[in-house]
Amino acid sequence: MLVVMRRDAGPEQVQAVIEAIEALGYEARPMAGRQRTAVGLVGNDGRVDGTRLASLEGVQEIIHVTQPFKLVSREWKPEPTVVQLPGGLTIGADEVPVIAGPCSVEGEAQILRAAHAVKDAGATLLRAGAFKPRSSPYSFQGLGKAGLAMLATARRETGLLIVTEAVDPEGVDAVAEVADIIQVGARNMQNYSLLRRAGQAGKPVLLKRGIAATIQELLLAAEYLLAEGNADVILCERGIRSYDTQTRNLLDLSAIPTVHALSHLPIIADPSHGTGRRDMVPSMARAAVAAGADGLLVEVHPNPEQALSDGTQSLRVEQFEQLMPELRAIAEAIGRRIAEPAAVRA
Ligand code: PEP
Ligand code: MN
């Protein structure tokens with residue numbers, strides 16, 4: 001339930017609403033919007049009588065949030081969330097950042113080569129996993145903390161912001177020290193202890209859609225992060241399991257306008273895991289920008305044949321260099337623009 005205050009409501013009237021909600025035994029969340037202040041009532045089990053709150057001074061209306069997800073819903077917050085990153089970079093506004101880099105950190109020389117290459121082509125954030133959640137326990141599991149240190153070096157050398165994954169609650173703090181955005185991967189979308197810990201880490205979180213998750217389940221997973229007080233959440237469509245084996249996954253681009261309709265959170269697209277095929281990544285990257293994605297996550301490797309993970313879906317540097325101007329043209333056609341490197345603007 002959302003108690004919307006009148007435009008001219010004073011702080012003491014807002015405070016009276018907060019106290020009334022708390023007296024009913026619920027949590028109150030004041031939210032100062034551009035147009036008006038609203039006070040959210042968290043934990044409504046259907047027993048709250050809205051008329052008691054509606055009669056308080058300064059209250060304009062009571063909105064019942066009909067979706068099972070609350071803090072994440074558009075009903076709760078009509079304006080889009082714009083995640084602010086260091087260097088003035090944003091996700092969720094007009095600019096569309098491109099997050100690029102190899103699937104995994106494989107060594108210092110590899111990550112630095114990749115970082116310089118994607119930066120020169122116009123990426124604003126570097127992605128690479130130091131901790132890798134692999135389908136097989138015998139596959140490369142990542143370099144762990146040593147990999148995080150290499151990402152920190154890449155950030156210092158290039159000014160690119162870092163997106164890297166946390167795979168368990170215990171690892172979140174170490175990742176948060178280096179990452180500008182903490183990634184929660186598809187396999188962990190419903191790892192609720194990880195979500196809770198990531199929600200407390202004080203860094204934006206990139207939450208990838210689970211392999212067989214509905215959009216509602218994705219939004220409910222995001223609700224865990226917001227419920228911990230972290231409003232800086234970016235969703236990611238990375239493809240869902242389908243019956244067709246031509247592509248690794250089925251990249252559900254309709255999830256982008258669906259999420260925009262249901263939620264104020266930004267959503268980016270990952271055409272690399274979405275297709276699993278290098279030859280298809282550019283077309284789906286272009287389509288995702290056209291569909292309104294708030295950013296892209298693209299795997300790029302300086303030498304994909306030698307990659308320790310996801311080589312077959314990683315773009316070659318030349319392919320990425322060719323893709324970037326195409327993305328710029330598409331973004332411009334729909335009134336947006338591909339973000340400029342944060343290091344340049346800083
Ligand atoms: C990744 O980004 O490399 C990754 C493991 O992605 P996902 O969780 O979407 O499979
Ligand atoms: Mn990968």
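Reply: A residue is called buried when its relative accessible area is under 20%, exposed when it is over 50%, and partly exposed in between (1.4 Å probe, protein chains only). This is a predicted model, in which local features need pLDDT of at least 70 and side-chain atom pairs pLDDT 80 or more, while totals for chains, interfaces and linings use all residues. Residues are numbered from 1 along each chain as written, chains are lettered from A and ligands numbered from 1 in written order, and side-chain values use heavy atoms, without hydrogens or water.

A search of the whole structure gives 15 salt bridges (a side-chain nitrogen of Lys or Arg within 4 Å of a carboxyl oxygen of Asp or Glu).

Start with arginine 127 and glutamate 299, whose closest N and O atoms are 3.4 Å apart in a salt bridge. Arginine 127 belongs to strand β9 (residues 125-127) and glutamate 299 to strand β15 (residues 296-299), so this pair ties together parts that are 172 residues apart in sequence (strands are DSSP runs of E, at least two residues; helices are runs of H or I, at least four). Both partners are buried: arginine 127 has a relative accessible area of 2%, and glutamate 299 has 0%.

Arginine 197 and aspartate 173 form another salt bridge, with N and O 2.4 Å apart. Here the link runs between helix α6 (residues 192-199), which holds arginine 197, and helix α5 (residues 172-178), which holds aspartate 173; the two residues are 24 residues apart. Arginine 197 is partly exposed at 22% relative accessible area, and aspartate 173 is partly exposed at 41%.

In a further salt bridge, the side chains of glutamate 27 and arginine 29 meet at 3.0 Å, N to O. Glutamate 27 is partly exposed, its relative accessible area being 39%. Salt bridges can also form a network, as they do in linking Arg209, Glu237 and Asp252.

The first pair also leads to the ligand. A side-chain N or O atom of glutamate 299 is 3.3 Å from an oxygen atom of ligand 1. For lysine 208, the distance from a side-chain N or O atom to a ligand 1 oxygen is 2.9 Å. Histidine 273 has a polar side-chain atom 3.1 Å from an oxygen atom of ligand 1.

Technical notes
A polar contact is a pair of N or O atoms within 3.5 Å; within protein, one must be able to donate a hydrogen and the other to accept it, and residues adjacent in sequence count only if both atoms are side-chain atoms.
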